[in-house]
Amino acid sequence: MSVIMLFIDGVGLGDEVSDNPWFTLPTPHLNRLLGGESLTRSAVGRPTESTLLLETDATLGVAGLPQSATGQATIFTGRNAPAAMGRHLSGLPFRRLREWVKRDNVYLQFEGRGKRATFLNAYSEEYFNLPTTRRGWVSVSTAAIQSAREPMRMMEDLLAGRAVYHDLTRRTLAGRRPDITEISPEEAAHHTLATAWDYDLAVHEFFLSDLAGHRQDTELIAWVVNTYDRFLGELIRQKREEDVVVLVSDHGNSEDFRVKTHTMNPVPTLIIGPSRLLDVIEPEGWDLTAIAPLLIRMAEGLNEVEGERE
């Protein structure tokens with residue numbers, strides 16, 4: 001079995017209102033997974049034996065709006081980053097938080113258990129030549145994979161179908177590189193699975209949802225919702241029965257187009273996998289610190305479940 005974590009930036013569990021694109025725009029694949037519901041707070045629960053949607057606290061007991069740097073650091077480490085840093089931190093992590101992430105994260109946790117974990121996102125050579133990158137200003141996800149033994153994926157991996165671009169379809173890349181052709185969300189799902197099946201854990205990061213929310217860009221969010229819904233639908237359709245997919249976000253944003261800022265809404269933890277694994281998940285008090293331990297428990301599979309039931 002493989003565990004696939006889909007990190008989608010800036011998607012909270014909002015209400016069923018006209019300002020929530022995740023409610024108003026068509027999401028047939030999500031609706032099917034959620035028993036006819038949209039990705040909103042009302043869908044929280046166990047709509048099917050193989051699907052569980054958890055309401056996930058992103059505030060983590062720290063005052064203020066949840067932010068990207070500390071929210072993502074919490075997801076990738078299983079530790080309360082805003083509490084450790086003293087506040088919610090936005091944007092790219094500063095040095096202290098980067099080093100905090102590099103010392104202990106989900107990739108290292110998997111390696112320590114003799115398991116293989118990888119980051120699916122592809123990087124370009126140009127990215128590493130940016131002055132900001134050279135100074136160490138990288139995302140939490142990049143800082144985490146830089147600490148691991150597993151190599152980072154580059155453009156040659158992307159073109160060979162061994163990596164996935166951040167926007168899934170290579171749309172933003174094709175716009176500036178004539179040698180790159182845009183692909184469908186369904187093909188991106190096939191590349192995701194084909195690569196993930198060689199690992200115990202595979203992670204993909206998608207951030208255009210957060211960008212659309214900050215810009216209140218209705219055209220971009222329509223593309224985001226449609227693209228991601230198609231990608232997720234094909235991924236679930238083609239995954240093996242034992243595979244587990246965990247979708248999570250770091251904070252709310254794109255679910256409320258009345259504001260350009262983040263929100264205080266809980267975020268989704270959407271888990272699709274074998275019912276015996278979902279049966280042992282306790283939703284009470286669920287927050288972002290639970291994600292990394294969840295990934296490990298899912299990867300350990302039936303042996304872990306049987307141990308808990310003894």
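Predicted model: local features only at pLDDT ≥ 70, side-chain atom pairs only at ≥ 80, totals over all residues.
Nonpolar residues, in the sense used here, are Ala, Val, Leu, Ile, Met, Phe, Trp, Tyr, Cys and Pro; Asp, Glu, Lys and Arg count as charged, and the others, Gly among them, as polar.

Start with empty space. Rolling a probe the size of a water molecule over the atoms shows where such space is left. In this model, a search of the whole structure turns up one cavity of 30 Å³ or more. The largest cavity holds about 30 Å³ of space. Which residues line the largest cavity? They are Ile 8, Trp 22, Leu 30, Leu 39, Tyr 228 and Leu 247. Sorted by class, this lining has six nonpolar residues, no polar ones and no charged ones.

Leu 247 stands opposite Leu 270 in strand S9. Strand S8, residues 244-248, pairs with S9 in the antiparallel sense, over four bridges. S9 also pairs with strand S3, residues 51-56: six bridges join the two, and they run antiparallel.

Now look at S9 itself, which spans residues 267-272. Is this strand mostly covered or mostly uncovered? S9 is mostly covered, with six of its six residues buried. Buried here means under 20% relative accessible area. Val 267, Thr 269 and Ile 271 point one way from the strand, while Pro 268, Leu 270 and Ile 272 point the other way. The residues on both sides are all buried.

How values were computed: Residues numbered from 1 in each chain as written. Heavy atoms only, no water. 1 Å grid on protein atoms, 1.4 Å probe; cavity = no way out; pocket = protein on both sides within 12 Å on 5 of 7 lines; lining within 4 Å. Points joined across faces, edges and corners; volume = space filled by probe spheres on them. Buried < 20%, exposed > 50% of the residue type's maximum accessible area, 1.4 Å probe, protein only. Pairing = 2+ DSSP bridges.
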